[in-house]
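Welcome to this short briefing. Take a look at the sequence and the 3D picture, and then we can walk through some of the details together.

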Amino acid sequence: MVSRAAITNVRVQADRLWSSMMRLAEIGATARGGVCRLALTDLDRVARDQFLSWVRELGCEISIDTIGNIVARRPGADPARLPVMTGSHLDTQPTGGKFDGVYGVMAGLEVMRTLNDKGIRTAAPLELVVWTNEEGTRFSPIMMGSGVFTGQLSLDDMLKKQDRDGVSVQSALAAIGYDGKRNPGHPVGAYFEAHIEQGPILENEGISIGVVTGAMGQRWYDIEVIGLESHAGTTPMDSRRDALLAASRLTVRVNEIALEKGGNTRSTVGYMDVHPNSRNSIPGRVHLTVEFRGPEENMLAAMEQELNQACDRYSEPGKLDFSIRRVADIKPQPFFPPLVDVVRNAAQELSYTHMEILSGAGHDAVYMAKAGPAAMIFVPCKDGLSHNELEDAKKEDLEAGTNVLLRSMLCAAEMLE
C-alpha cells in the first residue's frame with residue numbers, strides 16, 4: 001500500500017513532461033508551429049512507435065487490440081483489483097496543435113515515470129491507453145477506439161469505415177502495423193483523462209484546474225443539397241437552382257439556432273464541398289456538415305427539429321432537394337461524482353485554484369463514463385484556442401494538471417478515504 005505521506009509529497013517532473021510533448025510535436029510538425037498527424041497514417045505510426053519505446057522502458061506490459069488501441073499496463077500489488085486507467089489520443093486535426101490529446105497521454109506517461117522514480121507500487125494496476133482515431137477527421141465517427149472498447153460502437157462497422165480515398169480502417173491499421181489481435185474492452189475500475197480545456201474559461205478566470213463535471217451531447221449531420229448546375233451567364237436569376245445559395249442560407253440558420261436557444265448550446269457548419277466548383281457555373285450540388293452541441297438531450301432534439309424545418313424552407317419545392325443524415329448522436333454525459341470529488345480534493349490538497357466546468361468537446365472519457373467510473377481534469381490553454389496550429393499551454397499549468405492526475409490515480413488505486 002502507498003502511504004498518505006507518499007501521496008502528499010510526490011510530484012511530477014515538469015521539464016521531462018514538456019520534453020516528451022515537444023518530441024511528439026516534431027512528428028507531423030507544420031510550418032506554423034502546429035501538428036498534422038491524422039489517424040492511422042505513417043506519422044501516426046511513428047508517434048505510436050515512440051510511445052511504445054517509452055512505456056517499454058518502464059517495464060509495462062503492452063497490448064494492442066483489433067481497433068488499434070494501445071494499453072500499457074503497470075502491474076499492481078493486487079492483480080485481482082480492477083485497473084485505474086488514464087490516457088487520450090495521439091492523432092490530430094489537419095491543422096492541429098501540440099497539446100490536444102497528446103497532453104493526456106504524456107501526463108499519464110509522466111505519472112508512471114514518477115512512480116517508477118519513487119519506487120511506488122500501487123495496489124491496483126495502472127493502465128495508460130492511446131485511443132485510436134479520437135478526432136474523427138480521417139475516419140468518421142469521432143472517438144472510434146474508445147467507442148469500440150466500451151461497446152458503444154460496432155467493431156465490424158468501424159473496421160469497414162473508409163476515408164475519402166476509399167481506404168478502410170482495417171487496411172490502414174494493417175498498413176501501419178497496429179492491427180492488434182486482442183479483443184477490445186475489459187473492466188476498468190476508474191478512468192481519468194487530463195486535457196487542455198480547448199476553451200477560454202479557465203484562462204479568463206485565472207484558474208489552474210478545471211474539475212470537469214460532464215460533457216455536452218453532440219449530434220452530427222451530413223447534408224446534401226441538390227440543385228442543377230448551369231451556365232452563370234445565360235441562366236436568369238429567377239430560373240436558377242443554386243445549391244450553394246441554399247446551403248449558405250442554411251449555414252446562417254444553423255448559427256442562428258444556437259444563438260436563439262442559448263443555454264450553452266453550440267452549432268457549426270465545418271465542411272462544405274461544392275460541385276462543380278467552377279467560376280462560371282452555378283453550383284448544382286453541395287455537401288455540408290452540421291453539428292449541434294448542448295448540455296441537455298431535449299435541447300439537441302429541438303435544434304434538430306429546427307434544422308429539418310430550415311431544410312424544408314430552403315428547398316424551394318420543385319427547385320432543390322435536401323437530404324439529411326444523422327451520422328453521430330452522443331448523449332450528454334455526466335462524470336462519476338465520487339471520481340469528480342477525487343479530482344476536486346486532489347486540486348484542493350495541492351493548493352491549486354480550481355473550479356467546476358462542463359466540457360463542450362467530445363473526449364474518450366465520455367464513452368468510458370458510459371461503461372464505468374470516469375472523470376476529467378482540464379488545464380488552461382492560451383486564448384482558449386485549440387484545433388489550431390497556434391494552440392499553446394503553460395508548462396506550469398501542464399505540471400499542475402499532471403500532479404492532480406497523479407494524486408487522483410493514486411487515491412483511486414489505493415481506495416483511500
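## Backbone details

Asn277 counts as exposed, because its relative accessibility is 62%. Keep in mind as you read that this is a predicted model. The points below start with the backbone, then turn to one helix, the nonpolar cores and the salt bridges.

- Asn277 has a positive phi of about 60°, although it is not a glycine.
- You can find Asn277 in the loop between S9 and S10.
- Pro276 also sits in the loop between strand S9 (266-275) and strand S10 (281-282), and the peptide bond that joins His275 to Pro276 is cis, with omega about 5°.
- Another cis peptide bond runs from Ser140 to Pro141, with omega near 15°; Pro141 lies in the loop between strand S4 (126-131) and helix H5 (144-149).
- Glu316 is not a glycine, yet its phi is positive, at about 45°.
- Glu316 belongs to helix H11 (residues 316-319) and is partly exposed, with a relative accessible area of 32%.

**Helix H4, an enclosed helix**

- Helix H4 covers residues 102-118, which makes 17 residues, and it reaches 24 Å from its first C-alpha to its last, close to the 24 Å expected.
- Is H4 largely enclosed or largely open? Of its 17 residues, 14 are buried, so the rest of the structure largely encloses this helix.
- Gly119 follows H4 and has a positive phi, near 65°.
- Arg113 is found in H4. This arginine is buried yet has no salt bridge, and the nearest side chain of opposite charge, Glu110, is 4.4 Å away.
- A salt bridge here needs nitrogen and oxygen within 4 Å.
- Beyond its neighbours within four places in sequence, Arg113 is in contact with Arg16, Ser20, Trp54 and Leu58.

**Nonpolar cores**

- In soluble globular proteins, nonpolar side chains tend to be buried together.
- The largest nonpolar core has 98 residues, and among those with the most contacts inside it are Phe51, Met106 and Leu398.
- H4 supplies the largest share of this core, 9 residues.
- Setting aside neighbours within four places in sequence, Phe51 is in contact with several residues, including Ile70, Leu90, Val105, Met106 and Val130.
- There is also a second, separate core of 24 residues, which includes Tyr221, Ala247, Leu250 and Phe322.

**Salt bridges**

- How many salt bridges does the structure hold? The structure holds 31.
- One of them pairs Asp117 with Arg16, and their closest N and O atoms are 2.9 Å apart. Asp117 lies in helix H4 and Arg16 in helix H2 (residues 14-25), so this pair ties together parts that are 101 residues apart in sequence.
- Arg45 and Asp49 meet in a salt bridge of 2.8 Å, N to O. Both lie in helix H3 (residues 42-57), 4 residues apart, about one turn of the helix.
- An α-helix has 3.6 residues a turn, so residues three or four places apart point the same way.
- Arg45 is partly exposed at 24% relative accessibility, and Asp49 is partly exposed at 32%.
- The side chains of Arg285 and Glu224 form a salt bridge at 3.6 Å, N to O. This pair links distant parts of the chain, with Arg285 in strand S11 (residues 285-294) and Glu224 in strand S7 (residues 217-226), 61 residues apart.
- Salt bridges that share partners join Arg219, Glu297, Glu304, Arg326, Asp329 and Lys331 into one network.

Definitions and conventions. Residues are numbered from 1 along each chain as its sequence is written. This is a predicted model: local features need pLDDT of at least 70, side-chain atom pairs count only at pLDDT 80 or more; totals for chains, interfaces and linings use all residues. Side-chain values use heavy atoms; hydrogens and water are left out. Helices (H or I, at least four residues) and strands (E, at least two) are DSSP runs, numbered from the N terminus. The expected span of a helix is 1.5 Å times one less than its number of residues. Buried means under 20% relative accessible area, exposed over 50%, partly exposed in between (1.4 Å probe, protein chains only). A nonpolar core is a set of buried Ala, Val, Leu, Ile, Met, Phe, Trp, Tyr and Cys residues joined through side-chain atoms within 4.5 Å. Contact means heavy atoms within 4.5 Å. Lys and Arg count as positive and Asp and Glu as negative; His and the chain ends are not counted.
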